[in-house]
Amino acid sequence: LFEFNFGNKIALLSGDYLLSKSFNELALLRNSGLNELMSSSLRDLVDADFIGLHDKQSKPLPSKPLETRTTVEVVDQFGTEPHQTSHILGHPIAEWTLRSILSGASLLAKSCRGALMLAHHPNEMQKLGFLFGKNIALAWQAKIDQEPFLPGSSGTFSLVSAPVMA
């Protein structure tokens, strides 16, 4: 038990160190727009844990589907504005997309945009970089979520991804 707790503390402290070191290096670039963009991706990672319901093991649960079927799209956030979630819960594909964007795709998308920002590319090119990173991350997440449903797989699946993969 001691080794398990000690290992968790070391992992937590190592993560904190790496995060503070990366933000220190980011600050040395002296680009406040990039700092704000990357900080917003960290906020998105945290926001992902607070969307919708969770079970006793803190695993996300899909929201109850709405009675009226409407089409909802997740609006791309090219900057630092937070995503609006109230109109998305209850729409399985939009909910999966939002959760996937916040839990990882935002970091890759905003990193791609940040790289283009540092290279002084125009805003339209930065938006394309954001979309590239977001779509790569969503494709990767779809592949990961699909694996438990393939023949011969024994992995566990996320209930949030089940309606999307069906």
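## Crossing of α3 and α4

In this predicted model, α3 passes α4 in a right-handed crossing, a term for the near helix being turned clockwise from the far one by less than a right angle. The two helices, taken as DSSP runs of H or I with at least four residues, pack with their axes 7 Å apart and at an angle of about 140°, where axes are lines fitted to C-alpha atoms over the stretch in contact and angles run from 0 to 180 degrees between N-to-C directions. That makes α3 oblique to α4, since angles under 35 degrees count as roughly parallel, over 145 as roughly antiparallel, 65 to 115 as roughly perpendicular and the rest as oblique.

The contact of α3 with α4 comprises 15 nonpolar, seven polar and four charged residues, with Ala, Val, Leu, Ile, Met, Phe, Trp, Tyr, Cys and Pro counted as nonpolar, Asp, Glu, Lys and Arg as charged, and the others, Gly among them, as polar.

## Confidence

The chain averages a pLDDT (the predictor's confidence in each residue, from 0 to 100) of 82, and 84% of the residues score at least 70.

## Basis of the values

Residues are numbered from 1 along each chain as its sequence is written. Local features need pLDDT of at least 70 and side-chain atom pairs count only at pLDDT 80 or more, while totals for chains, interfaces and linings use all residues; side-chain values use heavy atoms, leaving out hydrogens and water.
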